[in-house]
Amino acid sequence: MRYPEREQSAQLFEEAKTYFPGGVNSPVRAFKSVDGPPLFIKKGTGAKIFCEDNNEYIDFCGSWGPLILGHDHPIVRRAIIEAVSNGTSFGAPTRKGNLLGSLIVDNHRYLDQIRFVSSGTEAVMSAIRLARGYTGKNKILKFEGCYHGHVDSLLVKAGSGLATFGVSSSAGIPQGFIEETLVLPLDREDLVAEYMKNDNDIAAIIIEPIPANNGLLLQRPAYLSTLRNLCSEHNCLLIFDEVISGFRVGFEGAAGLYGIKPDLLTFGKIIGGGLPVGAFGGRREIMQHISPEGDVYQAGTLSANPVAMAAGFATLSHLLKDTFYTTLESKTTLFVENVRTGIGQNKLPMQIIQQGSIFWLNLSLDEVRRADQIDGEGMEKFKKLHHFLLKNGVYLGPSGYEVGFISEAHDEETLQQASKVIVQGLSYAFNVNT
Ligand SMILES: *Cc1c(COP(=O)(O)O)cnc(C)c1O
């Protein structure tokens, strides 16, 4: 296949391969699961991005979630410029750090204290160390289909069989780390209960309360509350990894949405308003174990740097406006309903799933709550869909396992247009296969 509309991108990608393994600095960017070279993006404004070949796309990736206000929002841009003009980093406390810290803690009922880091991975890594330090236990229980960044001990997936010790999902992970990580399928509280009963060395259960890195695997609230209860019974911490769901499905994320209080929460993506920020936080009594208060070491040269704090503050203040989330959600619902109507009219054997301003095209009719229920055959169709969408000005994350994000900048007209193109693309993807 040729990609005449991606000539510049193709050339830049070839050049990039000289300098970066696989031509990228994060693997999914290489477009391995879809056709053609990755787009090199030159500019973004509002709901649109522009590639080096000067094509324009409606963007549903939003930098993988952070850009809930869209690209180059004026209030975020102004905050960044104002901060930059006073210097970019001091390795010392700043008022801007206090501002973002208080904005978050004062508006989140489950956070007494937080600490800023520079990525979601770092947030998770630190939260896990804290859970181990606090409980004096060693093991972590995670779930197949949840992603928690590239922390060594969490790059572990389920082995064969329903309930086993995991196997590493990357080379370079010591066997000893793998043995400290238990992996279970989602949606099976019976298995969690059984494991907890038999092993009193579990420091924490970590879960994406709204798993959105492997399709959108919406969990039953009752399942999440059972996890909460099991953790309390067994003196083990519940960690909600809200790197995607935090500030996305509401200011208080999934914890607020379901009214479930985790012991620790991790954040990333939206919290930095498009700049590199992560954070972990929770109950004061637990957070006091972090250095310099406590004996769990954690640090960062660029942590809470004033430019990132300013971008986060500008973004998060905007989210606290009264109607922000209701407007965003109803806009998304309208878009999802349009796509759903098209799916029905064309009798496509698939569904679109939504939670707040997150959506996922499930290219099968099966209800999915667990990773193993996703139909791998749908991914071939996704390739065709993705190619069609790029030709027609719509940009989705380059894998059928990725969700889409709607931002404040996606207006109804843009969404209407996008839903039309997506339905056409889906019909194309399904037809050529039959
Ligand atoms: C993106 C993500 C991470 C990792 O964050 P990075 O900033 O990419 O390190 C961790 N957990 C979840 C749930 C994520 O979606």
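1. Let's begin with what packs over one helix: the cover on the buried residues of α13 includes β3 (56–59), α11 (324–345), β14 (358–362), α12 (378–391) and β15 (394–395). Those labels are DSSP runs numbered from the N terminus, with helices being H or I of at least four residues and strands being E of at least two. "Buried" stands for under 20% relative accessible area, "exposed" for over 50%, and "partly exposed" for in between (1.4 Å probe, protein chains only).

2. Before going on, a word on where this comes from. This is a predicted model, where local features need pLDDT of at least 70 and side-chain atom pairs count only at pLDDT 80 or more, while totals for chains, interfaces and linings use all residues. Residues are numbered from 1 along each chain as its sequence is written, and side-chain values use heavy atoms, with hydrogens and water left out.

3. Which residues of α13 are buried? Among them are Thr414, Leu415, Ala418, Val421, Ile422, Leu426 and Phe430. The helix itself runs over residues 412–431, and its 20 residues should span 28 Å at 1.5 Å a residue. The end C-alpha atoms are 28 Å apart, so the model agrees.

4. Now zoom out. The protein chain has 13 helices and 16 strands, and its C-alpha trace spans about 55 × 55 × 45 Å along the principal axes. A compact globule of 434 residues would have a radius of gyration near 22 Å, and the chain's 21 Å agrees with that. (The radius is taken over C-alpha atoms, and the globule rule is 2.2 Å times the number of residues to the power 0.38.)

5. How much of the chain is buried? Buried residues make up 55% of the 434. Of the contacts (heavy atoms within 4.5 Å) with a separation of 6 or more, 72% are between residues 24 or more positions apart.

6. Next, two spots in the loop between α9 (284–287) and α10 (306–319). Pro292 sits in this loop, and a cis peptide bond with omega about 10° joins Ser291 to Pro292. Ala304 is in the loop between α9 and α10 too, with a positive phi of about 55° although it is not a glycine. Why is Ala304 called partly exposed? Because its relative accessibility is 24%.

7. Lys347 also has a positive phi, near 50°, without being a glycine. Look for Lys347 in the loop between α11 and β13 (351–355). At 73% relative accessibility, Lys347 counts as exposed. As background, most residues other than glycine have a negative phi, and most peptide bonds are trans.

8. Two buried loop residues are worth a look. Gly149, in the loop between β5 (139–144) and β6 (156–158), is buried with a relative accessible area of 8%. Leaving out residues up to four places away in sequence, Gly149 touches Thr121 and Leu155. Its C-alpha atom is 7.4 Å from that of Val124, 25 residues apart along the chain.

9. Ile210 lies in the loop between β9 (202–207) and α7 (221–233), and counts as buried at 2% relative accessibility. Beyond its neighbours within four places in sequence, Ile210 has contacts including Leu216, Ser245, Val249, Tyr258 and Gln355. Pro27 is 183 residues from Ile210 in sequence and 23 Å from it in space, C-alpha to C-alpha.

Technical notes: The expected span of a helix is 1.5 Å times one less than its number of residues.
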